[in-house]
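Good morning, and thank you for joining.

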Amino acid sequence: MDGSHAPWSLLFKNALVFDGTDAAPRVQDVAVADGRIAAIGADLPAAQATQTVDASGRWLMPGLLDIHTHFDLEVELEPGLPEAVRHGTTTVVVANCSLGLAFGALRRDGADPIVDCFARVENVPKTVLSKVADIVDWNDSADYLAHFDCKALGPNVAPMIPHSMLRIEVMGLQASITRDPSSAELARMEALVEKGMREGYIGFSTDALPFHYLANQPNTRKQIPTQFAGYGELKRLTHVVRRWGRVWQATPPKDDKLAIIRNFLLTSGLLFGRTLKTTAVAAMEFNTNRSLLPMAMMLSRILNSKLLRGRFRFQALAAPFQTWADGVITPISEEIPCLRALNECDLEDRAARLAIMNDPAWVADFRRMWNQGKRGFNLARIARWLRRENNVLSRDLRDMRIDRAPIAEWAGETLQAVHERLLNWQRNGQGARSESERETFASFAQSPDDADFLIHLLRRFDTELRWTTITANADARTIKRLLFEPLLLPGFNDSGAHLTNMAFYDGNLRMLKIAQEDGVSRVATAVRRLTSEPAEFFGLDAGRLEVGAAADIAVVDPQALKRWNPERTVEYVWRECFAHHQLVNRPDGVVAAVVVGGKLLWRDGAYLPVFGVESAGRVLRHREHGVVGSAAAAALAV
């Protein structure tokens, strides 16, 4: 306990306090002054505080970190980041997957890279992306950090240098996806990564998932720029990150196992003289391919072995991997070539999608994809039996549940149930539930199989047919095992991306709920995994609850957490900042209070008046930024 008698701005009384370590929690008071934790102890004097909050029966912990977000977009439109704050998140890591705003809008030579790169990779409508690009008024990585000083931030924001945007900055968009960089261009990229590390950026992000494509003509069949970088470029740029002791965030080139091993060996201290902290997306158990998770875990153990001396962490998701689709507009479609062709069309261009779906060649291609491994005795059928398929979509109508459709009665039903009712109606004219359903059934050809049934629905309703499916993390026991695996980091939430397709803002709270099943000692471990552990990995001044630490605090109601059913709190809401709908998850009453930078932003289900008006969070640079004699500075001096 601090003996200071200076007045406190805020005092929490009688909370069960988790300090961000594995230490057992204790019932204590926590005082805040000047944006810092001023005192922790029993029976702190309420008279010394301007505001006192009774936290009896509540858990008080360091504010939670969300390490994989794309909030770089929303923070420009609504800096308070309300969907983060209401979940107890006080620090967000941005510029993941090679995409970000560090170099500005990059609108040169007719290119519009923010729209082009984000629209399909992160499923954000072009209208929203254009709003962001239109207000960007910087073109330098230092100016990007500085501009946050003028924003009324909710959570703290910790950016990385994004590789795709780096390539566009140096080479221009068209050159970045058509040729290798010259030696001068590569040196310029290296210098800009060096500059970013010197400015305090916490790391560098790349992307190698082969289904991440550009969204604007004439490049809709070209992948984003980072995908065109050779191994030599990757090695050279990550070497800068290695010298500074920062983080490389990556995704695997999933279709090339040798490239996965070669790339991720860059973490090795044995091979490269110093360990490169590396985090990659993602460790999940896919329903259609049960071999991927064991391979990921084996790779992680090898890379982190005493021999290779790596520091490699796959990211884990605390939820079933449930995605929503508006017709074919869903991340899953990008992995399937015939569906990807539909995603090349602009969201509003229904006529273009219909023209493609009416093409007999496309129909044949779709049917081949849909029926692969379902019939006969062949390698594809064996792979399906063994759950070793390459297709992430199960291609089973029983796994596809309707969220909403022009036929109101379909909401909540599986596509299989509707298909069966259609066939029954065609046989005997009975079973249709409404006139609108009868009219729709009358538009089908006779006795359509499941492939033709789905094609017809997509033609007829396009994005008005909204459906959902779970493609990974279906087993709760597997989720729990992954979240507490030391060689993984919890946090593949993708918050701020996939505007209408995903809602994992609640990932951190889900982990606390899972831990709650095993008692408070397990909760203490979960708190550490969501606060001090990722803060240490990314080099952030965050995630600690001790005197002198930044007053970033989350207060959780354990009874509300226990009652909460995460599957029932998903909402499809209109967000004014986007002028667009968004899928969110809003647990009722679970987070009782949130403090960022000493300011109380959220309490008992409501944002307080300072939220979005006064700046609470700040841009977080690496904790060694500006420290004389740091390891990074020493490395530069060599």
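In what follows, nonpolar means Ala, Val, Leu, Ile, Met, Phe, Trp, Tyr, Cys and Pro, charged means Asp, Glu, Lys and Arg, and polar means the others, Gly among them. The model is predicted, with local features needing pLDDT of at least 70 and side-chain atom pairs pLDDT 80 or more, while totals for chains, interfaces and linings use all residues. Residues are numbered from 1 along each chain as its sequence is written, and side-chain values use heavy atoms, with hydrogens and water left out.

On a 1 Å grid over the protein atoms alone, a cavity is a set of points where a 1.4 Å probe fits but cannot get out; a pocket is an open set with protein on both sides within 12 Å along at least five of seven lines; and lining residues have an atom within 4 Å of a point. Points are joined across faces, edges and corners, and volume is the space filled by probe spheres set on them.

There are 5 cavities of 30 Å³ or more. The largest has a volume of about 90 Å³, and Val-328, Leu-339, Leu-393, Leu-454 and Trp-467 are the closest to its centre among 13 lining residues. How does that lining divide? It comprises 10 nonpolar, 3 polar and no charged residues.

The second largest cavity holds about 70 Å³. Its lining includes Pro-62, Asp-541 and Arg-544, and divides into 5 nonpolar, 4 polar and 3 charged residues.
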